[in-house]
Amino acid sequence: MTTELAANGKPFVHHHGAHCETAVTSALFRYQGVDISEPMVFGIGSGIFFGHLPFLKMTGLPITAFRAKPGAVFRKAAKRLGVDFVVKTFRDPQKGMDELKQVLKTGQIVGLATNLYWLPYMSERHRWNFSGHNIIALREIEGGFRVSDPTIGEPVDCTADGLEQARFVPGPLNPRGHMYYINSVNLHPDLRQACIKGMKDSCNAMLKIPLPIFGVRGIRFLAKKVVKSLDKLGFQEACRHLAGTVRWVEETGTGGAGFRYMYAAFLQEAAELFGSDELADLSKEMTAIGDNWREFSVTAARIIKQRGKEEETFAKAGRLMLNCADREETLFKNLQKVVKKLKA
Amino acid sequence: MELEKEIFKDGMPKGYYTQNDNGKYVLETNHCWSEEVCVAVIVSEVRANIEKARKEVLSGLKSPLYYHMEVRQMDPKFLAKAAGIAVFRVKRHMRPEIFAKLKPSVLERYAAVLAVSLEELKTVPNR
């Protein structure tokens with residue numbers, strides 16, 4: 001936790017977060033005076049999701065998303081909390097940078113979507129072509145910007161060239177200088193109503209999308225693929241794909257176990273807010289599901305490291321995943337029932 | 001084994017939600033072992049790709065463009081879309097004899113996308 005000053009001298013407190021977008025959103029809210037935690041934003045913005053996109057590849061590996069698409073969490077959370085916000089994208093990089101400077105001068109802090117590879121301060125293990133990383137620009141400094149990256153402990157300096165490169169990565173999944181900021185907030189938002197909306201939306205996203213690659217069905221799809229991958233791709237390649245999947249589960253700012261722990265934290269907070277024991281039970285179940293995902297990732301790591309060849313197989317990894325799918329299906333069905341009973 | 005420890009010693013720990021003794025969720029920076037393994041697999045693969053590309057360029061099989069593409073972790077499709085050049089042309093430009101004949105205007109487009117100077121684009125580091 002470090003305090004920084006924005007352009008107009010208003011203090012901004014930098015919090016370390018687990019996930020870039022929710023942490024940025026919660027920081028923007030806090031800066032405006034609404035104290036709201038990161039898991040709360042994640043739940044209200046319906047961040048939890050699953051999607052396996054075999055046709056969209058990054059560095060040769062398919063995308064497995066455990067969260068809603070970048071940008072959606074902020075938009076949904078802001079709408080549900082009754083916030084006046086601005087979202088902008090640009091075709092021309094120069095215009096995008098000018099606009100950013102102008103908004104910063106008015107004392108706003110601005111959320112930016114950037115590409116992880118081109119951010120100059122990132123270390124090697126974080127650097128890959130992923131265009132959905134969110135940071136906050138605090139103010140302009142000489143030759144660059146002061147930015148607060150919530151996945152890192154401290155605010156850092158970023159060169160203007162580097163930031164421009166990262167905001168306008170040409171090619172597929174171009175963030176197009178996506179920037180967003182909050183004009184004014186409702187200081188006493190209706191949290192209960194927002195939570196109910198968020199939970200309902202999450203249930204629909206996980207259970208009702210009629211495509212086999214999203215939601216609970218998507219997990220089953222991927223599980224079957226993992227089981228088959230050994231015969232289909234050979235050991236080396238199958239390990240690579242498995243490593244790619246586990247990277248999505250553990251590494252890409254998920255707060256552990258593919259956001260499942262973060263959602264459990266949200267359910268815990270919601271249980272306190274509504275005084276509901278049922279939600280507390282669901283939170284415990286979500287934690288168990290998170291443990292299940294973690295077990296999957298550890299199994300995968302053991303396969304890659306070739307430890308305990310007898311018991312750690314691709315079939316076991318697939319089975320663990322199917323187990324996750326079944327448990328999540330029951331959980332979200334129960335959540336649907338519980339939400340109906342809650343009063344705003 | 002060393003690589004795993006090395007790449008995680010960058011002073012940029014990520015946050016993870018874990019339960020404390022009372023069952024309440026708090027943010028901590030202890031990562032899971034499986035993450036280390038998988039990130040190491042991917043990082044070593046990227047490094048190996050770059051090294052392989054460098055050797056191929058030095059032995060005259062590929063053009064320097066191929067090396068710089070690998071350094072930026074792109075593939076021909078990505079690079080083609082970024083530079084605004086057709087994929088089949090980008091793939092052709094990976095051949096050294098064709099790359100040598102390219103017009104400066106085309107080279108400049110590649111240089112801008114890959115964020116290297118024109119001189120760098122025509123060479124690879126000879127470690």
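Modeller: With the contact between the chains; please bear in mind that this is a predicted model. The contact takes 41 residues from chain A and 31 residues from chain B.

Colleague: Which elements give two or more residues to the side of chain B that touches chain A?

Modeller: They are E1, E2, helix H2 (33-58) and helix H4 (76-83) of chain B. H2(B) provides the largest share of that side, with 10 residues.

Colleague: And how do the residues of that side divide into nonpolar, polar and charged?

Modeller: On the side of chain B that touches chain A, 20 residues are nonpolar, five are polar and six are charged.

Colleague: Turning to H9(A), what do its buried residues pack against?

Modeller: Elements of both chains. In chain A the buried residues of H9(A) pack against H2, strand E3 (48-58), helix H6 (191-207) and helix H10 (277-305), and in chain B against strand E1 (16-19) and strand E2 (25-28).

Colleague: How many residues of H9(A) are buried?

Modeller: The count is 12 of its 15 residues, so H9(A) is mostly covered, a residue being buried if 20 or more other C-beta atoms lie within 10 Å of its own. Among them are Arg260(A), Tyr263(A), Phe266(A), Glu269(A) and Phe274(A).

Colleague: How far does helix H9 reach from its first C-alpha to its last?

Modeller: Helix H9 of chain A, residues 260-274, reaches 21 Å, close to the 21 Å expected at 1.5 Å a residue. Just after H9(A), Gly275(A) takes a positive phi of about 60°.

Colleague: Let us take Ile44(A) next. Why is Ile44(A) classed as buried?

Modeller: Ile44(A) is buried because 31 other C-beta atoms lie within 10 Å. Ile44(A) belongs to helix H2 of chain A, which covers residues 38-44.

Colleague: What does Ile44(A) touch, beyond residues up to four places away in sequence?

Modeller: Ile44(A) touches Ala77(A), Arg80(A), Leu81(A), Ala194(A), Cys195(A) and Gly198(A). Lys76(A) is 32 residues from Ile44(A) in sequence, yet their C-alpha atoms are 7.5 Å apart in space.

Colleague: Finally, at what angle do H6(A) and helix H11 of chain A pack?

Modeller: The angle is about 145°, with the axes of H6(A) and H11(A) 10 Å apart. Their crossing is left-handed.

Colleague: Which residues meet there, in H6(A) and in H11(A)?

Modeller: H6(A) brings Ile196(A), Met199(A), Lys200(A), Cys203(A), Met206(A) and Leu207(A), which meet Glu328(A), Phe332(A), Lys333(A), Leu335(A), Gln336(A) and Val339(A) of H11(A). The residues of this contact divide into eight nonpolar, one polar and three charged.

Definitions and conventions: Residues numbered from 1 in each chain as written. Chains lettered and ligands numbered in written order. Predicted model: local features only at pLDDT ≥ 70, side-chain atom pairs only at ≥ 80, totals over all residues. Helix = DSSP H or I, 4+ residues; strand = E, 2+ residues; numbered from the N terminus. Contact = placed C-beta atoms within 7 Å. Expected span 1.5 Å × (residues − 1). Nonpolar A, V, L, I, M, F, W, Y, C, P; charged D, E, K, R; others polar. Axes fitted to C-alpha atoms, helices over the stretch in contact; angles between N-to-C directions. Left-handed = near helix turned anticlockwise from the far one by under 90°.
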